[in-house]
Amino acid sequence: MGDQSLILEMKDIRKVFPGVVALDHMQLQIGAGEVHALLGENGAGKSTLIKILAGIHREDGGEIWFEGRQAHIESIMDSRKLGISVVHQELSLCDNMTVAENIFLGKELTVKGFLCRDDEMIRQAKKILDHFNISIDPRARIGELSIAQQQMVEIARAMSGEVKLLILDEPTGTLTNREVDKLFDLIETLKKNKVAVIYISHRLEELFRIADKVTVLRDGVYIKTLDIKDTTYGELVNLLVGREMKAMYPAVDNQVGGELMRVSHLTRGRAVKDCSFVLNKGEILGFYGLVGSGRTEIMRMLYGIDRPDRGEIFISRKKADIRNVESALSLGISMVPENRKEQGLILIQGVDYNITISVLKKIYGRLTADIKIEDEIIDRYIRDLSIKTPSRSQMVKFLSGGNQQKVVLSKNLATNPKILILDEPTRGIDVGAKKEIYDIIADLAKKGVSIIMVSSEMPEIIHMCNRVVVMHEGSISGVLSGKDINEQAIIRKAMGEEADEAV
């Protein structure tokens with residue numbers, strides 16, 4: 001018999017893939033109305049555990065008990081019948097369909113075998129949205145909504161049936177602080193309705209706001225379960241990495257020189273409005289703003305992906321004509337994009353191919369390839385950035401998020417950039433990999449590389465940057481430095497409450 005007080009109990013769960021033990025003696029216990037955080041570095045086994053509960057994988061050993069009865073989850077339908085629903089990290093909504101159509105997709109409303117009329121579907125969708133205090137028009141098309149609103153619709157769809165356990169996988173990865181607050185309000189509503197929540201996030205500070213308990217996994221093995229009120233940030237980090245962790249953020253002791261790039265009155269439609277700023281030699285210049293503030297749009301123009309309507313860019317005090325990515329690279333500008341899987345990597349190619357793709361002209365002459373140069377570049381970055389891969393030819397889609405990000409970094413560093421743009425450099429990677437990325441950034445700045453760091457994570461902006469450009473609705477609302485780089489000042493300017501002239 002399982003424990004009647006628990007909604008879910010997983011005992012000694014084991015899962016083996018060819019050559020890999022993904023889970024070994026995994027334990028998990030969750031009560032109704034409990035928010036239980038699942039914590040582990042990339043490759044720790046979190047995704048495998050979720051897929052077992054979702055009916056995508058079948059466990060090779062152990063037992064699953066649900067509401068006091070042993071459960072055999074052999075398919076997605078089995079999982080849904082139990083009342084388990086999953087909101088995956090990558091949303092699966094249909095952009096050209098309405099909110100209501102997405103909520104009932106695959107479980108369309110019927111009366112006596114016939115589909116309900118659209119107005120009835122809209123009415124039922126609004127009922128679900130209202131129940132969870134989600135203020136979205138059920139008739140709106142998904143493609144018209146913000147990422148945060150789409151996330152809410154995904155949760156509403158997951159909750160449209162009788163759900164007893166909701167699994168949220170990295171739900172705040174693309175959300176601003178205000179949108180995170182709305183999500184947490186929704187989770188509190190679920191708790192009051194006795195819905196259990198498994199919450200997965202690399203952002204440890206979130207767990208102390210929303211979770212009741214936390215279970216730590218490492219290398220597929222159960223480590224420990226703790227009441228969140230009885231633990232600390234430092235203890236969780238040490239449990240995650242299996243050793244005493246030094247300070248998360250390195251001492252940034254770069255020598256900032258004179259002006260390297262000047263951006264003057266850059267404008268593009270409504271997204272970017274008359275933006276001007278300076279990047280100095282060897283500086284880490286942060287960019288912070290809420291979703292839609294125009295941060296990424298500026299970076300796309302600096303890298304030659306988009307052309308401005310007006311404005312000028314100067315490098316080393318000479319006007320730069322950045323027509324495309326190739327001209328940006330020739331000027332010494334390189335960029336790690338926000339979405340590494342879609343924009344930064346060729347997932348079905350090897351680590352070696354991805355690292356060297358940006359420097360093929362160095363390797364290939366008119367007739368032959370210089371294999372020696374190619375090998376030196378690949379080996380140098382695998383070594384210097386500590387890329388964990390079984391071989392140079394390993395397809396990057398099989399690497400952890402942190403190692404994928406290091407491959408994207410390597411590809412850009414191979415071009416020997418003077419200016420390196422990092423758009424959300426630590427999104428979706430674990431604590432240990434984050435520290436490694438921070439160390440790499442600090443080392444690059446110390447060597448004289450000028451870095452523009454776009455981030456939604458306030459702590460890394462505060463701890464890593466020499467100056468911070470804050471944006472609000474397409475305009476620069478302020479530039480902060482020194483002691484002025486603090487959470488209160490950044491948030492006020494990001495909300496447009498303290499706009500001033502940027503320099």
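Q: Is Asn-254 buried or exposed?
A: In this predicted model, Asn-254 is found in the loop between helix 8 (233–241) and strand 13 (259–268). A residue counts as buried when its relative accessible area is under 20%. The relative accessibility of Asn-254 is 9%, and therefore this residue counts as buried.

Q: Which backbone oxygen does the side chain of Asn-254 reach?
A: Among the residues that Asn-254 touches are Glu-283, Ile-284, Ala-445 and Lys-446. Gly-282 also belongs to the residues touched by Asn-254. At 2.6 Å, the side chain of Asn-254 reaches the backbone oxygen of Gly-282.

Q: What is the length of the polar contact that joins the side chains of Asn-254 and Asn-466?
A: Asn-466 is one of the residues that Asn-254 touches. The two side chains, of Asn-254 and Asn-466, are joined by a polar contact of 2.9 Å.

Q: Which strands stand at the edges of the open sheet?
A: The open sheet is formed by 6 strands in the order 18-19-20-15-21-22, with mixed pairing.

Q: At about what angle to strand 18 does helix 15 run?
A: Helix 15 comprises residues 401–413 and lies across strand 18 and strand 19. Relative to strand 18, helix 15 runs at about 170°.

Methods. Residues numbered from 1 in each chain as written. Predicted model: local features only at pLDDT ≥ 70, side-chain atom pairs only at ≥ 80, totals over all residues. Heavy atoms only, no water. Pairing = 2+ DSSP bridges. Helix = DSSP H or I, 4+ residues; strand = E, 2+ residues; numbered from the N terminus. Contact = heavy atoms within 4.5 Å. Axes fitted to C-alpha atoms, helices over the stretch in contact; angles between N-to-C directions. Buried < 20%, exposed > 50% of the residue type's maximum accessible area, 1.4 Å probe, protein only. Polar contact = N/O pair within 3.5 Å; in protein donor to acceptor, adjacent residues only side chain to side chain. Lists of a residue's contacts leave out its neighbours within four places in sequence.
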